[in-house]
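Here is a quick tour for anyone opening this structure for the first time. Take a look at it, then read on.

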Amino acid sequence: MTNAWVNHAIKEIDADFQRSADTHLIRLSLADFPGIALYLKDESTHPSGSLKHRLARSLFLYGLCNGWIRENTPIIEASSGSTAVSEAYFARLLGLPFIAVMPSCTAPRKIQQIEFYGGRCHFVENSGQIYAASEQLAREMNGHYMDQFTYAERATDWRGNNSIADSIFRQMSLEPHPVPRYLVMSAGTGGTSATLGRYIRYKGHQTELVVVDPENSVFYDYFLQRDPSVTAQCSSKIEGIGRPRAEPSFIPSVIDSMIPVPDAASIATLRWLEGILGRKVGASTGTNMWGALQLAKQMRDKGETGSIVTLLCDSGERYLNTYFNDEWIAANIGDISHYSEQLAGVR
């Protein structure tokens, strides 16, 4: 018999969803790209502040319905930040203890947000250690290890049910080019790109899914080689995306093409976007937008018109001490002027 507490927990999550509006789709009409409209799906407006709010909701429902999460079950997650913030939000909603296992270099603002929602942070030296540490904590505490990197691609109903793919295509329905030429997405777990790619095929849309990948991430190599054993020696400096190993939720077969993006280009683009939007965005959004701009240039050079949709993953307010700090950039990213100069005249 289904536990009464589980029924209550699912109703709490559903009620929270019912209270939330869908996220905005922002259109950028850039004069440099006549006949080409670029759109940003603004996931920063979720209650927990990022795209990962959708994932956290799905992971909690998946764990509850599988019988893995019960009353008082400690929740443990391996996360560099945004997923942990969102999971801490839902853990507090359900009155569950939450521990995030993360590298010690995680942005202080994200740590503060996790703690704001009542979560606790367990630090390791590098991102390659988060998996084993999470499993060990779950065993010691008789808790549930969410394991976003394994379950992201299966916890979301990619066929519809207001998935991010379903939401994008519904919001695009009245636009001049309602079926995007490209969807551009970066990968952290790979769950969102899997959802987008599957939905495109399920609906028969003539849209290409392009995944952008930062430095020190193996996803691009995995896509080219189809070798799941590929690893990297260090972690991505673009928080929330890129991984040092091929994660189980990353499904290369649903992706049409990939674009490697230099970290300096990501940072230059997020700063350029601040001037376009009048607000700060995170570095993964810079990675996404750099890829979208490269595709827009290709379309313009070929005389094509159409639309490109990408994601605004989270707010830049979380990164004031890093991506918006010139000293941090000089020490960790290097010179971004080459890319800033390329973007300076794009309007």
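## First things first

Keep in mind that this is a predicted model.

## The annotated lysine

Let's start with K52, which sits in helix α2. An unreviewed UniProt entry carries the annotation "modified residue: N6-(pyridoxal phosphate)lysine" for K52.

Is K52 buried or exposed? Its relative accessibility is 15%, and buried means under 20%, so K52 counts as buried. Leaving aside residues up to four places away in sequence, K52 touches S82, T83, S86, Q148, T189 and G240.

## A mostly covered helix

Next up is helix α7, made of residues 164-171, where six of the eight residues are buried. Those buried ones are I164, A165, D166, S167, I168 and F169.

And what do the buried residues of α7 pack against? Their partners are the strands β2 (36-42), β7 (182-186) and β10 (306-312), plus the helices α2 (52-65) and α8 (191-203). Helix α2 is also where K52 lies.

## Two helices that cross

Two packed helices can be described by the angle between their axes and the distance between those axes. For helix α1 (residues 4-19) and helix α3 (residues 82-94), the angle is about 125° and the axes are 10 Å apart. That is why α1 and α3 are oblique to each other. Their crossing is right-handed.

On the α1 side, the contact uses W5, A9, E12, I13, D16 and R19, while α3 brings Y89, F90, L93 and L94. Sorted by type, the residues of this contact are seven nonpolar and three charged, with no polar ones.

Terms used
Residues are numbered from 1 along each chain as its sequence is written. This is a predicted model: local features need pLDDT of at least 70, side-chain atom pairs count only at pLDDT 80 or more; totals for chains, interfaces and linings use all residues. Side-chain values use heavy atoms; hydrogens and water are left out. Buried means under 20% relative accessible area, exposed over 50%, partly exposed in between (1.4 Å probe, protein chains only). Helices (H or I, at least four residues) and strands (E, at least two) are DSSP runs, numbered from the N terminus. Contact means heavy atoms within 4.5 Å. UniProt positions are given in the numbering used here, feature names are shortened, and annotations may be inferred rather than shown by experiment. Axes are lines fitted to C-alpha atoms, for helices over the stretch in contact, and angles run from 0 to 180 degrees between N-to-C directions. Angles under 35 degrees count as roughly parallel, over 145 as roughly antiparallel, 65 to 115 as roughly perpendicular and the rest as oblique. A crossing is left-handed if the near helix is turned anticlockwise from the far one by less than a right angle, and right-handed if clockwise. Ala, Val, Leu, Ile, Met, Phe, Trp, Tyr, Cys and Pro count as nonpolar, Asp, Glu, Lys and Arg as charged, and the others, Gly among them, as polar.
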